[in-house]
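Please open the model in your viewer and keep the selection panel at hand. This tour goes from one selection to the next and says what is there each time.

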Amino acid sequence: MFWRILGQLFSASRGRLAVALLALASGAAVTTALINLNLDAVRKVSGEFRTLGANVIVGPHANGSAESELINESVLLKLAPALESAHGVAAPYLYSVVTVDAGADQQSKKAQVIVAGSWLDRASQLSPWWKITGRPISDRNDMENCLVGRNVALQLGIQPGSRIVLNYADSAGNRTASLTVAGVIDSGAQEDNQIIANLPVVQKFSGLKDRIGMVQMIIPGTPPEIESAISQLSATVPALEVRAVPQIAQAEASLLPRIRGLIFFMVALILVLTTLCVFASMAALAMERRRDVGLMKAIGGSISRIVRIFFTEAAALGLAGALIGYVAGIFLSRWIGQRAFHVAISARPEVLPIVVALMVIVSLAGALPLRLLGRVRPAEILRGE
Amino acid sequence: MFLRIITESFTRTPRRKFLTGAALALGMAVATATLTVALNVGDRLAAEFRSLGANLLVTPKADTLPLEVGGVDYRPVNAGAYLPVDDLPKLKQIFWRNNIKGFTPFLDVPVATSVLSGASVGAPASETTLIGTWVNHRVELGSGETFDTGVLSTNPWWKIENGGRWFREAGDECVVGATLASRNNIHVGDLVGVATLADMEDLRVTGILSTGGAEDNAIVVPLAVAQKFAGQPGKFRRLMVSAVVKPDDAFGRSDPKKLSGADYERWYCSAYIGSISLQIEQALPGVEARAVRQVAEGEGKILGRISVLLWIVTLAALIAAGLAVGSTAATSVLERQKEVGLMKALGASNSLVGAFFLGEQLLLALFGGGLGYAIGVLLARWLSITVFGVSSPARMIMLPVTLGLAVIVAIAGSIFPLRRASRFDPAPILRGE
């Protein structure tokens with residue numbers, strides 16, 4: 001009997017129910033998308049901070065002696081597993097000073113320049129802000145080409161395609177390396193005054209075989225994840241110091257909570273509004289049931305039983321709306337993620353129970369005024385007062 | 001008559017009107033708050049991004065190549081060009097002077113140091129670099145105004161380790177980089193001898209500096225001390241400027257030389273990093289000002305992403321507010337079909353009934369929207385104080401926007417049910433069918 005009445009109720013007023021279901025489902029969709037967004041915002045925004053470049057560097061300990069300022073290249077192999085598990089990118093750096101000879105013809109220009117040796121396939125990933133005129137170098141074993149800073153290029157009249165000769169002199173004699181300039185870097189920082197070549201080139205002419213000065217890394221993730229990656233990395237190379245780059249780490253630490261707070265408050269405001277909206281339309285639906293309640297009471301139904309029917313109806317609506325809305329919300333959060341971050345925001349299963357509970361509670365709360373009808377005499381309702 | 005009906009309707013059913021008005025106020029409050037925050041957040045976040053430090057580098061235009069690694073210049077003092085400190089107050093006279101949050105001159109001098117007192121007296125002298133700079137220097141801007149600037153604003157991540165303090169500009173004091181200090185066993189209170197071929201001086205160590213960069217291997221001193229060692233009084237080599245900028249877009253990146261008159265004017269008067277560097281180059285003779293691309297690009301990208309995100313959220317808030325208001329308006333009209341029937345039975349035309357209901361909605365929208373604006377401004381201020389610690393200015397432009405929005409949404413929400421009601425025959429409605 002109970003279920004039959006319920007079935008009748010659903011089929012008799014399909015139009016109204018469809019409207020209520022639409023309100024519930026869109027409310028649930030917005031809720032799902034925004035909760036997903038809020039849960040993922042910190043991760044996504046801290047991902048954006050990686051465009052600021054290296055956030056972790058590995059170098060010799062501060063209390064070591066000056067002789068141990070260079071480290072052995074083999075640390076890169078030791079760091080590799082921990083780096084891979086943290087999904088990081090790393091590149092070694094070795095600096096040296098050379099006399100550069102540009103233009104082999106009569107108007108040859110010379111200058112003292114810092115040369116940085118690195119992995120050029122990785123270095124440009126670590127410095128995504130480099131504007132390279134010419135072409136980047138994407139092979140770390142390329143011994144023929146180099147990149148040249150903007151100021152170096154201006155002073156020495158170097159263009160992409162020029163040949164330059166690096167002269168290095170120390171007690172063991174003179175060594176030279178002859179390189180082709182692949183591209184010119186504009187960075188607005190130290191790279192503008194440097195020449196950047198692959199690590200083996202610099203190691204060879206400066207006689208520092210297997211040596212590097214430091215390793216720069218981008219470790220993705222939220223600040224606590226970066227912290228734990230740093231401690232794992234230090235565990236693999238106890239002789240070296242692994243530390244966060246303070247400029248980046250502090251800016252991130254001061255900005256992330258603000259951005260998170262901002263998103264959280266905006267999302268909370270919308271959720272309150274959406275909930276009220278759904279509540280209002282459920283309450284309107286319930287009020288339209290007044291006459292049904294009056295009729296049932298007039299033909300002898302007990303108020304608790306009548307109210308149970310309508311509560312079940314409201315709960316079923318809430319459940320159905322939440323399920324439809326959850327699925328729609330997954331697509332909505334994907335869309336938001338694509339628009340804002342060019343990466344989809346992952347849907348979280350733990351959002352489903354939250355949304356279902358919220359929608360069922362809201363629709364039951366909307367139906368609550370029906371209980372008050374228990375006090376009303378059926379004749380009054382039927383008369384339409 | 002028309003006004004009397006409306007007044008009657010408000011006084012006779014105040015509770016129902018209150019509910020509709022409350023929904024309007026709430027929706028508009030959320031719309032005002034989110035819009036205000038979205039409009040202000042760009043400026044606020046751009047200011048917060050200054051925790052990344054300087055985003056402009058100013059160097060002499062005709063200079064030899066700096067031997068620079070990690071921000072420290074290892075050139076000998078007799079190579080390259082210098083710039084006069086006396087020109088710096090001009091930075092606070094450019095068009096975007098209020099966006100210049102700080103600037104710091106640097107002068108690096110290679111020196112030999114030895115420890116003269118403390119635990120490790122007698123250790124051999126070592127080669128290092130003296131970095132002369134300002135910590136929190138008071139710049140006279142003329143006309144009695146002053147501006148405090150230095151590494152505290154351009155390099156906020158530079159930290160003096162516990163137990164120390166920054167040097168005083170007047171005294172013969174210095175701070176020592178953390179790596180240098182721990183390698184040479186230098187402590188706060190020690191006396192360090194610094195010498196070049198031209199000069200030598202004893203400096204008292206007042207703190208140990210930790211920056212995570214090449215400065216950890218150097219000695220940082222007041223600019224005047226470095227100028228003396230370099231034999232270049234009143235000069236510096238490199239200036240870091242921290243300016244609040246608008247994220248670059250295609251227009252911001254355009255070459256000023258190729259812009260037409262009006263476009264140039266617009267570009268020059270926008271706080272793009274390009275226009276600020278141009279203004280700096282115009283203010284200081286013989287300099288080249290360039291964006292530090294790491295900071296400028298990164299900041300632009302992050303700000304861009306966050307503002308897209310906030311606008312999506314704001315849009316969602318506006319839609320939710322619109323739905324809330326529209327559906328309440330629709331319900332309030334639907335509930336009164338009987339009244340419509342009665343009015344029509346008494347001979348009112350459809351347009352009069354429509355005008356009556358719309359007038360009522362308009363009044364509600366103005367009250368609810370005005371109230372919502374006030375609540376929204378408070379909400380935005382509270383949000384701004386909670387998140388940024390600074391209250392956001394209320395924008396007066398938001399009041400007409402909010403009211404207009406409230407009116408449009410309320411009327412749009414009631415037009416559909418009104419049209420339906422106008423098609424009804426009055427008799428069945430009055431019979432209650």
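**First stop: a strand in chain B**

Select residues 100-115 of chain B, which form strand 5: twelve of its 16 residues are buried, so this strand is largely enclosed by the rest of the structure. Here a residue is called buried if 20 or more other C-beta atoms lie within 10 Å of its own, exposed if 12 or fewer, and partly exposed in between, with the C-beta atoms placed from the backbone. Helices (H or I, at least four residues) and strands (E, at least two) are DSSP runs, numbered from the N terminus. Before going on, note that this is a predicted model, in which local features need pLDDT of at least 70 and side-chain atom pairs count only at pLDDT 80 or more, while totals for chains, interfaces and linings use all residues. Residues are numbered from 1 along each chain as its sequence is written, and chains are lettered from A and ligands numbered from 1 in the order in which they are written.

Strand 11 of chain B, residues 191-195, pairs with strand 5 in the antiparallel sense over four bridges, with B:Thr113 and B:Val194 as bridge partners. While you have side chains on display, remember that in a regular strand they alternate between the two faces of the sheet.

**Second stop: the whole of chain B**

Colour chain B by domain, with bounds that come from an automatic or database domain assignment: domain 1 covers 2-45 + 301-431, and domain 2 covers 55-291. The centres of these two domains of chain B, taken over C-alpha atoms, are separated by 55 Å.

Next, select residues 350-388 of chain B, which are helix 10. This helix has 39 residues and reaches 53 Å from its first C-alpha to its last, close to the 57 Å expected at 1.5 Å a residue, where the expected span is 1.5 Å times one less than the number of residues. Helix 10 of chain B is followed by B:Gly389, whose phi is positive, near 75°.

**Third stop: where the chains touch**

Show both chains and select their contact, which takes 58 residues from chain A and 58 residues from chain B; two residues are in contact if their C-beta atoms, placed from the backbone, lie within 7 Å. Which helix supplies the largest share of the side of chain A that touches chain B? The answer is helix 8 of chain A, with 23 residues. By class, that side of chain A has 34 nonpolar, 18 polar and six charged residues, where Ala, Val, Leu, Ile, Met, Phe, Trp, Tyr, Cys and Pro count as nonpolar, Asp, Glu, Lys and Arg as charged, and the others, Gly among them, as polar.

**Last stop: two loops of chain A**

Select A:His87, in the loop between helix 3 (75-85) and strand 3 of chain A. A:His87 has a positive phi of about 55° although it is not a glycine, and it is exposed, with 12 other C-beta atoms within 10 Å.

Finish at A:Asp210, in the loop between helix 6 (199-205) and strand 10 (211-212) of chain A. Phi of A:Asp210 is near 65°, a positive value in a residue other than glycine, and A:Asp210 counts as exposed, with 12 C-beta neighbours inside 10 Å.

Definitions and conventions. Two strands pair if DSSP finds at least two bridges between them.
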